Amino acid sequence: MGTQSYHYVRSPKSRANQTDADKKALNRHGRDNRLLVWQLAPSDETELDQTLPVDGDSAVQKLPWLVHAIPVNALNFCSFAMCYDGMPHPSMSSRALRTADTIKPILFAVPNAMDSGGVDIFELPSRRRAATINADRSITTGMVMCLSILAETTRIQVAVGYESGHTMVFVQADPGACFEKLYSAQAHTQPVLSLAVSPCKDHYITSSADAKIAKHPLPCDRSIFKTAFKPIKISNSKHAGQQGLSYRSDGRIFATAGWDSALRVYSGKTLKEVAVLKWHKEGCYSTAFASVHTQANRSVDPEYVNDEGSDSVSSTQSDTLASTRTSVQQRRDQAARSTHWLAAGSKDGKISLWDIFQ
């Protein structure tokens, strides 16, 4: 009953004297029926306890500054989903919409407290309930198992995975309008454990307690009504209980966390398995890729040091040598920042870090 989910994000600017680097948020959804948002600046990280919860007393650990606490439903297995609200609002002036310092609300999607098949959408910092998606009464879906939310300039899309194996996409075309169901399919025979939207936002994938992985269309307009409600592709991975789906930022591969303690990497195009990573001793529950938006030149070996003429380094060359050392450190830092790191969390309380398929 102690299952929790976390999401670490860089917050948009909200005050003139705060920079993006100063405003980071750690969001947590636990079994105590609360959604907590902590503010965590880089300068705070050195003061926080780095002891793993399984190795120490969590009751005495120092916590970041708590900014928001919202009562939400946590009586099922579904964690929250979030995104920045990119929809235009009547209260925003045309100048504000063009300003980088505009306060961007954050939208959280969580299971409805009264309707196990419904979804509530909350907004921060107002903490108001922005919308509700009612359960589809024409289909027996069971409870909500996983969520994803996108807020573009003209619409809000919510993808939902259900206990019955169904997945649906709901769209709100205009602020304040009701959500409409644009897609529905049942690709799984067991509850949907996880879903992830592709970086290009034209499809999403689902995994389940069964061994199937499915790719679904993400409707970009109402043309979805003219097509059949069916997945783009379904693959039998032969490994039941995969969850924690996450796409790499280039969309070429995605990762899953398995109940059998193995991490598996699949092709984003074919859904074929391309790697199996084993280190954890107990079941894995989550994965995450580091976001890489620019591809740096990684052909230079980070360990390379230009020691040409080093046999006769004089005092007059000290500045050049210091510059070379700085350059080496910069290359190492750049290589680390340009790496698609894969992190995975397990029931054993440990997090593993992998560097694959760069």
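The following legends describe close-up views of a predicted model.

Local features are described where pLDDT is at least 70 and side-chain atom pairs where pLDDT is 80 or more, whereas totals for chains, interfaces and linings use all residues. Residues are numbered from 1 along each chain as its sequence is written, and side-chain values use heavy atoms, with hydrogens and water left out.

**Figure 1. Overview of the protein.** The protein has 2 helices and 23 strands; these are DSSP runs numbered from the N terminus (helices H or I, at least four residues; strands E, at least two). Of the 358 residues, 45% are buried, a term that means under 20% relative accessible area, with exposed meaning over 50% and partly exposed in between (1.4 Å probe, protein chains only). The accessible surface comes to about 19,600 Å², and carbon and sulfur atoms account for 52% of this surface; areas come from the Shrake-Rupley method with a 1.4 Å probe, and for residues only the protein chains shown count as cover. Among contacts (heavy atoms within 4.5 Å) between residues at least 6 apart in sequence, 54% join residues at least 24 apart.

**Figure 2. The open sheet S9-S10-S11-S12.** This sheet consists of 4 strands in the order S9-S10-S11-S12, with antiparallel pairing; two strands pair if DSSP finds at least two bridges between them. Its edge strands, each pairing on one side only, are S9 (144–151) and S12 (180–186). From one strand to the next the twist averages 15°, where axes are lines fitted to C-alpha atoms, for helices over the stretch in contact, and angles run from 0 to 180 degrees between N-to-C directions. Strand S10 (residues 156–162) is joined to S9 by 7 bridges, and the two run antiparallel. Within this pairing, Val144 stands opposite Tyr162 in S10.

**Figure 3. Strand S15 and its partners.** Strand S15 (residues 212–217) is mostly covered, with 5 of its 6 residues buried. Strand S14 (residues 203–208) runs antiparallel to S15 and is joined to it by 5 bridges; a hairpin of 3 residues connects S14 to S15. Another antiparallel pairing joins S15 to strand S16 (residues 233–236) through 4 bridges. Lys215 of S15 is the bridge partner of Ile205 and also pairs in this way with Lys233 in S16.

Figure 4. The structure holds 3 aromatic pairs; rings of Phe, Tyr and Trp (its six-membered ring) pair if their centres lie within 6.5 Å, and planes under 30 degrees apart count as stacked, over 60 as edge-to-face and the rest as tilted. The pair of Phe254 and Tyr266 is stacked because the ring centres are 5.5 Å apart and the planes lie at 15°. Phe254 belongs to strand S18 (residues 253–258) and Tyr266 to strand S19 (residues 262–267), so the pair ties together parts that are 12 residues apart in sequence. Phe254 and Tyr266 are both buried.

**Figure 5. The surroundings of Ser198.** Ser198 lies in the loop between strand S13 (192–197) and S14. Its relative accessibility is 3%, so Ser198 counts as buried. Leaving aside residues up to four places away in sequence, Ser198 touches His203, Tyr204 and Tyr247.

**Figure 6. Cysteines Cys178 and Cys284.** Cys178 is exposed, with a relative accessible area of 68%, whereas Cys284 is buried, at 0%. With a disulfide taken as a pair of cysteine sulfur atoms within 2.5 Å, the count comes to 0 disulfides.
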